[in-house]
Amino acid sequence: MNKLQLQKMLESFLLEDIGSGDLTSNAIFPEASKGRGVFLAKEEGIVSGLEVIREAYHLLEPDMRVETRYKDGDPVNRGDVIAEVYGPIRSILSGERLVLNLLKRMSGIATMTRKCVEALDDPSHLRYEKNRSWPEDAGQIRRQVRRGEEPPQRPV
């Protein structure tokens, strides 16, 4: 998925999730409030989807600063700081649920792929079949599989 496709997908997700704004954040925090958000690994695994953090927060707030501590495909341990975001509190909280959900899903796919590869000790046994019913997801899933160190292969 190229950057424009990712932005379009994230824009659609954000519009569905927060619509015209996060009512709770807007009610609690003044517009000028700045802060920091920290993304921690809940368990050991393979991190994937860091571009989602960057793009989602830059859609919400172009001046948002996003710092990642890992690269996609890197192993992480429970409690590791994966990324930090700095900027308006309202924007940080508005994007948090979507970013976490996507990051967990993408990292989960990469982690399970890595576990399968290690369990088989022969990656040639893994096969991947594109799910035609979710075309926008197929590219994302292939990337997560690759980040788990197994290139996607067509079914035999």
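Student: Which residues have the most contacts inside the largest nonpolar core?
Tutor: This is a predicted model, in which local features need pLDDT of at least 70 and side-chain atom pairs count only at pLDDT 80 or more, while totals for chains, interfaces and linings use all residues. Residues are numbered from 1 along each chain as its sequence is written, and side-chain values use heavy atoms, without hydrogens and water. A nonpolar core is a set of buried (under 20% relative accessible area, 1.4 Å probe, protein chains only) Ala, Val, Leu, Ile, Met, Phe, Trp, Tyr and Cys residues joined through side-chain atoms within 4.5 Å. The largest has 24 residues, and those with the most contacts inside it are Leu10, Phe39, Ile53, Tyr57, Ile82 and Val85.

Student: Which element gives the most to this core?
Tutor: Elements are DSSP runs numbered from the N terminus, with helices (H or I) of at least four residues and strands (E) of at least two. Two or more core residues come from each of α1 (3–18), α3 (50–60), β5 (81–88) and α4 (89–120). With six residues, the most is given by α4.

Student: Which residues of α4 (89–120) are in contact with Phe39?
Tutor: Contact means heavy atoms within 4.5 Å, and neighbours within four places in sequence are left aside here. The partners of Phe39 include Ile53 and Tyr57, which fall in α3 (50–60).

Student: How many residues in the chain follow from its record of burial, and what share of them is buried?
Tutor: The chain comes to five helices and five strands. Of its 156 residues, the buried share is 40%.

Conventions: Buried means under 20% relative accessible area, exposed over 50%, partly exposed in between (1.4 Å probe, protein chains only).
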